[in-house]
Amino acid sequence: MPPAPLVYALPPTSPAWIAAAARQSGLENLMKLTELFTQPDPDFGQAMTALLETFHHSDDSQAPYQRGSFTHQLDQSAMPDTGMSTQDYLARLATLVPGASHLTSPHYMGHMTAPLPAFTAELSRLLVMLNQNPMKMESSRLLSFLEREVLAKLHRLIYRGEDDFYGAQMHAKDAALGVMTSGGTIANVTALWLARNRACGDNLFSLFEQGYRGAVILGSRLMHYSFDKGMDLLGLGARSVWRLDTDEHNRLCLAALEKALVQCKEQKLKVLALVGVAGSTDFGSIDPLPELAAIARREQIHFHVDAAWGGPTLFSPRYQSLLDGIDQADTVTLDGHKQLLVPLGTGMLLCRQPDLMMTVKREAPYAIRASSFDQGRFTLEGTRPANALYLDAAFQLLGRQGYARLIDANYDRARRMAELIDASPAFELMSAPVMNLLSYRCIPPHLQGKVLDAAANDAINAFNVALQKAQRAEGHSFVSRTQRAVSRYGEQPLTLLRAVLLNPLIEERHIRALLDDQLRLGRLVADQLFGQGSSSGEGTV
């Protein structure tokens with residue numbers, strides 16, 4: 001007979017017996033797993049601090065963007081059978097982090113993602129470990145009410161209601177001043193959902209019963225692509241999004257809008273919403289909001305303003321008049337990870353009338369019941385994090401004056417960068433800055449000072465694509481690029497460089513260094529594209 005297992009030869013209360021029993025029953029591994037939930041690893045926290053410190057003092061050149069090397073580095077499709085040690089995972093992280101985008105670098109001016117205040121790091125630790133779900137009051141309790149308070153502050157920023165209004169509506173049961181979303185896209189989709197249900201309930205066939213042949217939304221050609229997604233999800237398709245001409249200031253052309261409204265009536269198309277843009281992603285341009293509001297009232301159309309980028313301009317006494325008319329919108333989108341300076345995944349949709357959200361109210365017997373107080377009744381998303389805590393911290397620690405100072409400084413930086421661009425023959429500014437976005441292009445040396453026809457613009461397009469890629473590959477500085485028609489060149493699509501002046505750490509020296517990089521790389525790119533001698537010009541900044 002085989003010998004009896006060790007466990008039976010030991011006193012049943014000794015540590016050795018317990019350990020042997022755990023091994024024998026397969027519980028030893030389980031005990032190690034539970035430590036991941038109950039015992040924070042101080043080495044892990046220290047390693048995170050060190051990784052971030054190193055990361056914030058480097059740039060993308062530490063791990064240049066090369067798709068082939070990135071895909072080769074991450075080519076394992078099978079999950080490991082057993083968990084690795086913390087130290088081994090930290091070693092893995094150390095190989096991954098350098099390949100992330102250095103969004104906090106003052107030389108990185110390419111995208112609408114803000115560097116975060118330092119307090120966000122510790123606050124995010126609290127938020128993640130609390131793991132609250134404000135979809136339902138039972139799974140977030142007080143933070144559900146914090147979310148309502150944060151939305152009230154933003155509602156007041158946009159709509160400027162009185163104390164009595166917010167006292168009655170902030171915590172009302174069957175009303176909502178707005179909803180939190182995972183970003184501007186879901187906020188815009190929710191706005192379309194509200195507009196559709198406001199017009200015809202949740203039954204599109206009722207439009208046909210009213211004599212319409214279909215439904216559309218109207219806005220400028222600079223509308224965000226989330227509106228195409230939203231109309232597709234509503235079952236109306238991309239053809240239901242009418243993108244209208246813009247004027248010389250990249251704003252929705254009112255004559256084009258009036259013409260479209262006549263066409264809709266002639267074709268028996270219901271206009272579900274008129275969309276105004278307050279801060280286009282290409283130019284930072286703002287549609288004529290007061291005029292759009294008046295037209296929407298006249299035609300009895302839902303008026304939505306996408307202020308994902310530009311909404312926080314209202315904090316600035318110097319620049320808030322840019323958004324005159326926004327308080328007449330039925331709904332407004334804001335996006336926290338942009339100029340509100342909070343982490344990704346924090347979007348908001350605000351409603352002028354708190355009862356509007358009732359048009360999309362949904363219930364579930366196991367969670368969102370008819371008698372509940374839950375915000376999940378009104379949100380497209382179900383489970384979501386309590387990101388209102390980030391906004392609360394930013395509002396309390398920065399205050400209105402702090403936001404105003406940041407907005408003013410960033411808008412001033414954009415104007416200074418525009419001056420530098422305008423002063424150099426090597427660059428062409430495509431529109432005067434409205435907010436803190438700039439679109440411009442670099443002109444190859446052999447075309448500087450020349451009259452530019454369609455063929456020249458094609459060459460400049462190819463040059464700017466190659467230049468932007470070269471700057472990205474080098475990794476010391478960065479701007480993004482877009483493709484748009486600009487009125488001075490008619491309808492020809494032009495490749496434009498796009499700078500976002502969002503980082504409060506940017507100084508003029510960083511802007512000059514970025515433009516110098518483009519001049520230096522531009523000479524190399526010109527030789528590659530157009531041959532020797534094409535880079536003989538010497539544009540300066």
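I call a residue buried when its relative accessible area is under 20%, exposed when it is over 50%, and partly exposed in between, using a 1.4 Å probe and protein chains only.

**Entry 1, the whole thing.** With that cut-off, 50% of the 541 residues of the protein count as buried. I remind myself that this is a predicted model, where local features need pLDDT of at least 70, side-chain atom pairs count only at pLDDT 80 or more, and totals for chains, interfaces and linings use all residues. Residues are numbered from 1 along each chain as its sequence is written, and side-chain values use heavy atoms, with hydrogens and water left out. I find 16 helices and eleven strands (DSSP runs numbered from the N terminus: H or I of at least four residues for helices, E of at least two for strands). Along the principal axes, the C-alpha atoms fill a box of roughly 100 × 65 × 45 Å.

I looked up residues 454-474, which make up helix 15: 21 residues, reaching 30 Å from first C-alpha to last, close to the 30 Å expected at 1.5 Å a residue (the expected span is 1.5 Å times one less than the number of residues). Its buried residues include Ile460, Phe463 and Leu467. Which elements do the buried residues of helix 15 pack against? I get strand 9 (437-442), strand 10 (480-484), strand 11 (494-500) and helix 16 (508-530), with contact meaning heavy atoms within 4.5 Å. At the N-terminal end, aspartate 453 is the cap, with a side-chain oxygen 3.3 Å from the backbone nitrogen of alanine 455. Just after the helix, glycine 475 has a positive phi of about 90°.

Buried or partly exposed? I note glycine 345 as partly exposed, because its relative accessible area is 27%. Leaving out residues up to four places away in sequence, glycine 345 touches Thr181, Ser182 and Asn387.

Note on methods: Polar contact = N/O pair within 3.5 Å; in protein donor to acceptor, adjacent residues only side chain to side chain.
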